Amino acid sequence: MTGSDRLFAGALSADIQVGVSYWLTQNLKLGASYRLDALINVFNETGSSNSGFTPDRYTHGPRVTLTGQFDAM
């Protein structure tokens, strides 16, 4: 990239997460979810490049959490 080149970028982004949680005890919770992060119509343009649109990018997968709360005595 030279001093006269400029970088422009634009993207549509969407994040979706669906899940459930269950209290195992008063202080312990188990959760499960599925998350999707999407970048759609990613557009990169440099001053001297002929590259246009780049592929859409999707990151997704399951998630399990265990949350605990313990009081100090």
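Biologist: Good to know! What average pLDDT does the chain have?

Modeller: pLDDT is the predictor's confidence in each residue, from 0 to 100. Where it is low, the predicted coordinates should not be read in detail. Here 66% of the residues score at least 70, and the chain average is 79.

Biologist: In what order do the secondary structure elements run?

Modeller: Helices (H or I, at least four residues) and strands (E, at least two) are DSSP runs, numbered from the N terminus. The chain has zero helices and three strands. From the N terminus on, the order is β-β-β.

Biologist: What share of the chain is buried?

Modeller: Buried means under 20% relative accessible area, exposed over 50%, and partly exposed in between (1.4 Å probe, protein chains only). The chain has 73 residues, and the buried share of them is 8%.

Biologist: How much of the accessible surface belongs to carbon and sulfur atoms?

Modeller: Accessible areas come from the Shrake-Rupley method with a 1.4 Å probe; for residues, only the protein chains shown count as cover. The chain's accessible surface is about 6300 Å². The part that belongs to carbon and sulfur atoms is 57%.

Biologist: Which elements give two or more residues to the nonpolar patch?

Modeller: Patches are made of residues with over 30% relative accessible area and no salt bridge: like charges are joined within 9 Å, nonpolar side chains (Val, Leu, Ile, Met, Phe, Trp, Tyr) within 5 Å. Tyr22, Leu24, Leu30, Val64 and Leu66 make a nonpolar patch of about 540 Å². The elements giving two or more residues to this patch are E1 and strand E3 (57-68). Leu24, for one, sits in strand E1, and its relative accessible area is 43%.

Biologist: Which side chains form the salt bridge?

Modeller: A salt bridge is a side-chain nitrogen of Lys or Arg within 4 Å of a carboxyl oxygen of Asp or Glu. Side chains of opposite charge can pair when their charged atoms come close. The structure holds one such bridge. At 3.1 Å, N to O, it joins Asp37 and Arg35.

Biologist: With which side chain does Ser33 make a polar contact?

Modeller: Ser33 is in strand E2 and counts as buried because its relative accessibility is 15%. A polar contact is a pair of N or O atoms within 3.5 Å; within protein, one must be able to donate a hydrogen and the other to accept it, and residues adjacent in sequence count only if both atoms are side-chain atoms. At 3.0 Å, the side chain in polar contact with that of Ser33 belongs to Gln17.

Biologist: Which residues is Gly61 in contact with, beyond four places in sequence?

Modeller: Gly61 lies in strand E3, and at 16% relative accessibility it counts as buried. Contact means heavy atoms within 4.5 Å. Leaving aside neighbours within four places in sequence, the residues touching Gly61 are Ser33, Tyr34 and Arg35.

Biologist: How far apart in space are Thr59 and Asp37, C-alpha to C-alpha?

Modeller: Thr59 also belongs to strand E3. Leaving aside neighbours within four places in sequence, its contacts are Arg35, Leu36 and Asp37. Thr59 and Asp37 are 22 residues apart in sequence, and their C-alpha distance is 5.1 Å.

Biologist: Last one: where is Gln26?

Modeller: Gln26 counts as exposed, because its relative accessibility is 73%. Its C-alpha is 8.7 Å from that of Gln69, which is 43 residues away in sequence. The place of Gln26 is the loop between strand E1 (7-25) and strand E2 (28-46).

Notes:
Residues are numbered from 1 along each chain as its sequence is written. This is a predicted model: local features need pLDDT of at least 70, side-chain atom pairs count only at pLDDT 80 or more; totals for chains, interfaces and linings use all residues. Side-chain values use heavy atoms; hydrogens and water are left out.
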